[in-house]
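Welcome! Here is a short briefing to read with the sequence and the model side by side.

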Amino acid sequence: MSASVEVKSPAVKLSLMTLSAMVVGSMVGAGVFSLPSRFAQETGVAGALIAWAIAGAGMLMLAFVFQSLAVRRPDLDAGVYAYAKAGFGEYLGFFSAFGYWASACVGNVTYWVLIMSTIGAIWPALGDGDSFLAVVLSSIGLWAFFLLIKRGVKEAAAINRIVTVAKLVPILVFIVLALFYLDTDVFADNWGGADYAGSLFAQIRGTMLVTVFVFLGVEGASVYSRHAKRREDVGRATVLGFLSVFAIFASVTIVSYGIMPMGEIAELRQPSMAGVLEAAVGTWGKVFVSVGLIISVLGAYLAWTLMAAEVLYVAAKDDDMPRFLRRATPDDVPVPALVMSTVLVQLVLIITMFSDDAFNFALDLTSALTLIPFLLAAAFALKISLVPDPLAQGESSARTLIVALLATLYTAFLLYAAGLRFVLLSFIVYAPATILFVMARREQGRRLFSLGELAICAVSIAGGAMGVIALAAGWIRL
């Protein structure tokens, strides 16, 4: 199918370079600035190396899955959601779309928490980014971005490309300086991990959700597939974007262990990368990284807000979300979807005031919400590798089967690593989403649920109810 037919909207047609930049821009977000302390809270150098090896291999398999699906099923737009729907029906496809959208919105909350925590180092009233004043200022910024993005996708994408380049500079400088000041004795002391870290397996498991968070965006090119000039560019951009940032993530984590003892890194306020560089070169290092984080937030928030709105918009176009979400401006901006995304971010921002650790709560919940969409996409790739698909282009091979199997096993392991707490919290988010599904079905005059869909609905509602009970009883905490 030619690009001119594939792209439903002629407003924006993205090249391989642009798609790759958007993947890198969405992956290299503010989360990378928090990696040193988050890893040091869980694991030493040995555990970190193994965790990155597992995460890198697993996420690379997912990148290959999205690359393969973009070529084999070029008829599917907004990849993550469309793959789940094509493989497992409308209701699970709806859940995939909603979960991916919700994860993008919750992830955006981490950006505001981080930027307020950064400024909080010199303005104590902001605390760790979760005080009342911090939430008020974050809310002002949130709606200011809404007005900016409303101007048009073209302008937002151009800004994101510029910011992507700008935010990489402080990260690369951090890695170079940390290598220069690396103390081999400190690095060796951090090798096995501190006493609080537990067994090696526990250390590795404890880092899994944060690796999911920082790799979010690996699917970015597939989400924008309807805008691609060529379908081949979607898969290539996915793999190029992943390989471009994997070394950065691992390097930021590992070199930090050579600057400070693990326990001290774990206690640093966010952004912890600033504290590590301050220990190495002095105050100017902290300022340098802090400015870089603010720039990073600008690009990452822009990219993820666009991505979240895109998923709702395409799902509505396919009649899987209510019709009001399919409306868009002449500049191709899905304003109702953008409003809904901004409102969810606002709600979660308010919730952070009541959490024990606002940043880690939002980070882990973001990762947990993403796992079901990722698992369904990987399982769809496995399905069409095992069972002939009349709509698939090309033949399945042993390579595509092995890649799909490994990606499915990896995402299933991540659900286990997330633990019961975040699975239940995810159900609390997923369960009310069925209201939107019911609205869409009623608009079409269709039966609300099939027997299988009713069973899935019952499981999600039961899981949500268990989550609410667990919160009320204090068995799990925000």
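Where does Ser34 lie? Ser34 sits in the loop between helix 2 (16-27) and helix 3 (35-40). Helices (H or I, at least four residues) and strands (E, at least two) are DSSP runs, numbered from the N terminus.

This is a predicted model, in which local features need pLDDT of at least 70, side-chain atom pairs count only at pLDDT 80 or more, and totals for chains, interfaces and linings use all residues. Residues are numbered from 1 along each chain as its sequence is written, and side-chain values use heavy atoms, with hydrogens and water left out.

**The whole protein**

- The secondary structure comes to 20 helices and zero strands.
- Buried residues make up 59% of the 478 residues; buried means under 20% relative accessible area, exposed over 50%, and partly exposed in between (1.4 Å probe, protein chains only).
- Among contacts between residues at least 6 apart in sequence, 83% join residues at least 24 apart, where contact means heavy atoms within 4.5 Å.

- Ser34 has a relative accessible area of 0%, so it is buried.
- Leaving aside neighbours within four places in sequence, Ser34 is in contact with Gln270, Ser272, Phe359 and Leu363.
- Ser296 belongs to helix 15 and counts as buried because its relative accessibility is 0%.
- Between Ser296 and Pro170 there are 9.8 Å in space, C-alpha to C-alpha, although they are 126 residues apart in sequence.
- Ser341 is part of helix 16 (residues 335-352), and its relative accessible area of 2% makes it buried.
- Not counting residues up to four places away in sequence, Ser341 touches Trp101, Cys105, Ala308, Ala309 and Leu312.

- Helix 10 (residues 200-215) has 16 residues and reaches 22 Å from its first C-alpha to its last, close to the 22 Å expected at 1.5 Å a residue; the expected span is 1.5 Å times one less than the number of residues.
- A kink of about 35° in helix 10 is centred on Met208; the bend at a residue is the angle between axes fitted to the seven residues ending there and the seven starting there.
- Among the buried residues of helix 10 are Gln203, Ile204, Thr207 and Met208.
- Helix 16 has end C-alpha atoms 26 Å apart, which agrees with the 26 Å that its 18 residues should span at 1.5 Å a residue.
- Helix 16 is mostly covered, with 13 of its 18 residues buried.

- Most residues other than glycine have a negative phi.
- Asp319 has a positive phi of about 65° although it is not a glycine.
- Asp319 is in the loop between helix 15 (283-317) and helix 16, and it counts as partly exposed because its relative accessibility is 31%.

**The second largest cavity**

- The second largest cavity holds about 80 Å³ of space; a cavity is a set of points, on a 1 Å grid over the protein atoms alone, where a 1.4 Å probe fits but cannot get out, and lining residues have an atom within 4 Å of a point.
- Helix 4 (45-72), helix 17 (358-386) and helix 18 (398-430) are the elements that give two or more residues to the lining of this cavity.
- Helix 4 gives the most to this lining, with five residues.
- Residues lining the second largest cavity include Phe64, Arg72, Ile384 and Arg399.

Conventions. On a 1 Å grid over the protein atoms alone, a cavity is a set of points where a 1.4 Å probe fits but cannot get out, and a pocket is an open set with protein on both sides within 12 Å along at least five of seven lines; lining residues have an atom within 4 Å of a point. Grid points are joined across faces, edges and corners, and a volume is the space filled by probe spheres set on the points.
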